Amino acid sequence: MRKPFIAGNWKMNMTPSEGRAFAAELDKALKHTPVRIAVAPPFITIPAVVEVLKHSSIQVASQNMADHESGAYTGEVSPAMLKDAGVSVVILGHSERRSLYGETDAVVNAKLHLALKHEFDVILCVGETLEERESGKLEEVLKRQIVEGLKGVNGHAMSAITVAYEPVWAIGTGKTATPQDANDAHAFIRTVVEGLYGKSVAESLIIQYGGSVKPSNVSDLMAMEHIDGALVGGASLTLEQFVPIVTFDAR
Ligand code: PGA
């Protein structure tokens, strides 16, 4: 049985004081929820949110992390800094990092190794653009992102890794992949992981879907065999939307 995992990616939203107030309300509203939950505030908002959630089961994630331990990397945030601040999960390879900030699979892989070394759980994001999907390259792109992203990672470390399938064309656009399309992509990802690590690792891998997840579509998505959770952007910013997503109707 794979335990559902739902994470809210706040992106560049929520000042420290907004994040503190929102996290406190979220914690109140989501007590005793049987789902694993994480929120990913912007770096500067992390300490305020960690403080509010220190006795909560809601985990605090970062949206990114440096690809070096320390040193002359202006503007970057190191693994040790995140660890010390109380972060337990890092999101790596989000499509906005890949497309807007030029992160390659090799960079994502370097970050992933550092994150594992510092004993973080990782959400590794993969997903195709509309152009790639329409030109029949869906599987090629997903396979490359999984194989290159996980290069050099051994099977034992896989229990720390969640994969988020986020079709780029569905992120922030209001367009959601149909549950069937998403499930097909998730099944393919599981097959690739099985090829790398065998059946038991593949069967226990949590694969989140991301891209315009909302209260109205979460239950249909979560009902699919290979969809084990969600990475939620826009709809993670209000209680009205995030609470019903996390408390989706399990069927
Ligand atoms: P969205 O973003 O839910 O706003 O589409 C998802 C994501 O980018 O993680």
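Modeller: Glu 119 sits in the loop between helix H5 and strand S5 (121-126). Helices (H or I, at least four residues) and strands (E, at least two) are DSSP runs, numbered from the N terminus. Glu 119 has a positive phi of about 60°, although it is not a glycine. With a relative accessible area of 67%, Glu 119 is exposed. Exposed means over 50% relative accessible area, buried means under 20%, and partly exposed lies in between, with a 1.4 Å probe and protein chains only.

The model is predicted, so to speak of local features takes a pLDDT of at least 70, and side-chain atom pairs count only at pLDDT 80 or more, while totals for chains, interfaces and linings use all residues. Residues are numbered from 1 along each chain as its sequence is written, and side-chain values use heavy atoms, with hydrogens and water left out.

His 32 is not a glycine either, and has a positive phi of about 65°. The loop that holds His 32 runs between helix H1 (16-29) and strand S2 (36-40). His 32 counts as exposed, at 78% relative accessibility.

Asp 105 is buried, at 12% relative accessibility, whereas Arg 144 is partly exposed, at 41%.

Lys 111 is joined to Glu 103 by a salt bridge, with the closest N and O atoms 2.8 Å apart. Lys 111 is buried, with a relative accessible area of 4%, and Glu 103 is buried at 8%. The salt bridge of Lys 151 with Glu 148 has its closest N and O atoms 3.2 Å apart. Here Lys 151 is partly exposed at 48%, and Glu 148 is partly exposed at 28%.

Helix H7 contains Leu 138, which is buried at 19% relative accessibility. Not counting residues up to four places away in sequence, Leu 138 touches Glu 128, Glu 132, Arg 133 and Tyr 165; contact means heavy atoms within 4.5 Å. The C-alpha atom of Leu 138 is 34 Å from that of Met 14, which is 124 residues away along the chain.

Ser 62, in strand S3 (residues 59-62), is buried with a relative accessible area of 0%. Beyond four places in sequence, Ser 62 touches residues including Ala 40, Phe 43, Ile 46 and Leu 82.

Next comes the nonpolar core, a set of buried Ala, Val, Leu, Ile, Met, Phe, Trp, Tyr and Cys residues joined through side-chain atoms within 4.5 Å. The largest has 70 residues, and Leu 112, Val 122 and Tyr 209 are among those with the most contacts inside it. Helix H8 (residues 179-197) gives the most to this core, with 7 residues. A second, separate core of 12 residues includes Ala 61, Val 89, Cys 125 and Ala 164. Leaving aside neighbours within four places in sequence, Tyr 209 is in contact with residues including Tyr 165, Pro 167, His 186 and Leu 231.

The largest pocket is lined by 19 residues, of which Lys 11, Met 12, Gln 63, Arg 97 and Tyr 101 lie nearest its centre. On a 1 Å grid over the protein atoms alone, a pocket is an open set of points where a 1.4 Å probe fits, with protein on both sides within 12 Å along at least five of seven lines; lining residues have an atom within 4 Å of a point. Helix H4 (residues 95-101) supplies the largest share of this lining, 4 residues.

Conventions: Salt bridge = Lys/Arg side-chain N within 4 Å of Asp/Glu carboxyl O.
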